[in-house]
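Colleague: Hey, I've never looked at this one before. Could you walk me through it?

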Amino acid sequence: MPDTDHGGITAIEVGGFKSLVDTNRIEVRPLTILAGANSSGKSSIMQPLLLLKQTLDATYDPGPLLLDGPNVRFTSADQFLSNHSKSGDSGFSLRIEATGQVGVGLKFKKSPETGIEVTKTVWHAHPDTLTFTPNMSSEDVYAEFTRIEKKTDVPFFILGDQSKASAKATRIRCFLTVSIERSTVSLTLDPAQLFEFGFASFPTILRRIIHVPGLRGNPERAYRTAGVGQLFPGTFETYVAGIIDHWKKSHHQERLEQLASCLRLLGLTSSIDTQPIGETRVELRVGRVLDSPQGKPDLVNIADVGLGVSQVLPVVVALLAAEPGQLVYIEQPEIHLHPKAQVALAHVLADAARRGVRVVAETHSQLLLLGIQTLVAKGELDPALIKLHWFQRDEEGVTTIASHDVDENGAFGEWPEDFADVSLSAESDFLDAATFRKNAAHGT
């Protein structure tokens, strides 16, 4: 990877989840494109991360997984556990890798008595691992740490004397970690404390995910303001108005100018502003026309302009608000956009990728993809920043993923199915139908 890599999630591996029957791994680069037909498994590769995010975001302990939350909604584990498994295993696995050769592997299983359970957590810090399962004995827990202590020659002081304390694997939300019981003190080790051996703080990494869903709601006359930070529980569209208002009040003129510049590039509006309504709500106002006179924008409520502005605004604000290394997952960034705007959107995604934000875009837009390829061919976007993943399902409904790099000319090689093939086929069908009708009318 180039020197512009700023950390964060670098790979996701999922198995036993929906149509992802076998273990499938995708590399995550600063600009990662998920493409393929409807119901091919694109969302399924990301939903396990969203399950973890909403579980960690909850203000209470919802158990190993919060199934019905703001990011993804299930009423039963049966709705996402793969029914293709030949082993009869009623569970799924997830592995997340991050910069610095660290990672975490998780296994979840449905129990008839207790529902979904986390049955294994493997903390990776290459070449070392810590593995916890629910029924480990105290000796087994100590053995895990002792094994690493012997390799690193660094004592894990929290454990102390084995003869005076007992240890066991303990669940904290989605993860298994370790708790220590002594006669005078009881201590549970937060996953972040595994930094003692270089294990990344994955709860924080997951909570920092920004999720921009495909359904982003209708524009409103007024929006509730929200606190602004780097953690955005739930889906991102609810924070957009508050963030823009915060930028205005905090005199982040550069951010506001970047936002307006992006919206002009997309051909949507020339300016954007906020207007307080009472103490808890704010009105979003946008330029009614693209080329307003300098200093005299003709502003109207966002509900009074085309739907494209309100749908793309969460995408642009998320990309501007994200820090290097932070993952932004966008479903259908091109929704409700004119074809010209879809091509221009490639510039907005590319700018975020160049800053080191990890953008995962799930798209059906051939034009957006062509826009990215064109930036590469022009030498404006490093191809090493991009990874393309094509999802398709076989005749049994099992997902397979074909992954490709982009070369310096913007080409990505042979995909199992090409957007262009569909477009050309549709044009050919139209021309054939029009020619047939014309000839029939003339009796030829």
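Predicted model: local features only at pLDDT ≥ 70, side-chain atom pairs only at ≥ 80, totals over all residues.

Colleague: How many bridges join β4 to β5?

Modeller: Eight, and β4 runs antiparallel to β5 (residues 102–111). Glu97 stands opposite Gly103 of β5.

Colleague: And what holds strands together in general?

Modeller: Strands of a sheet pair through backbone hydrogen bonds, either parallel or antiparallel.

Colleague: What about the sheet with mixed pairing, what's its order?

Modeller: The order is β11-β16-β17-β3-β18-β19, an open sheet of six strands. At its edges you find β11 (210–212) and β19 (399–404), each with a single partner strand, so one side of each is left without a neighbour in the sheet. The twist averages 15° from one strand to the next.

Colleague: Does β11 run parallel or antiparallel to β16?

Modeller: Parallel, with three bridges joining β11 to β16 (residues 327–331). Ile210 has Val328 in β16 as its bridge partner.

Colleague: Switching to helices. At what angle do α6 and α7 pack?

Modeller: About 25°, with the axes of α6 (residues 307–321) and α7 (residues 339–354) 9 Å apart. That makes α6 roughly parallel to α7. Angles under 35 degrees count as roughly parallel, over 145 as roughly antiparallel, 65 to 115 as roughly perpendicular, and the rest as oblique. The axes are lines fitted to C-alpha atoms, for helices over the stretch in contact, and angles run from 0 to 180 degrees between N-to-C directions.

Colleague: Which residues meet there?

Modeller: Val312, Val316 and Leu319 in α6 meet Leu345, Val348, Leu349 and Ala352 in α7, where contact means heavy atoms within 4.5 Å. By class, this contact has seven nonpolar, no polar and no charged residues. Nonpolar covers Ala, Val, Leu, Ile, Met, Phe, Trp, Tyr, Cys and Pro; charged covers Asp, Glu, Lys and Arg; the others, Gly among them, are polar.

Colleague: How does α5 sit against α6?

Modeller: The axes of α5 (residues 253–265) and α6 come within 10 Å and cross at roughly 140°. The two helices are therefore oblique to each other.

Colleague: And α4, at what angle does that one pack on α6?

Modeller: About 50°, with the axes of α4 (residues 240–249) and α6 10 Å apart. That makes α4 oblique to α6. Val240, Ile243, Ile244 and Trp247 of α4 make the contact with Leu313, Pro314, Val317, Leu320 and Ala321 of α6.

Colleague: Last topic: how many salt bridges are there?

Modeller: The count comes to 19, taking a side-chain nitrogen of Lys or Arg within 4 Å of a carboxyl oxygen of Asp or Glu. One of them joins Arg171 and Asp61, at 3.0 Å from N to O. Arg171 lies in β8 (residues 165–172) and Asp61 in the loop between α1 (42–57) and β4 (91–98), so the pair ties together parts that are 110 residues apart in sequence.

Terms used:
Residues numbered from 1 in each chain as written. Heavy atoms only, no water. Helix = DSSP H or I, 4+ residues; strand = E, 2+ residues; numbered from the N terminus. Pairing = 2+ DSSP bridges.
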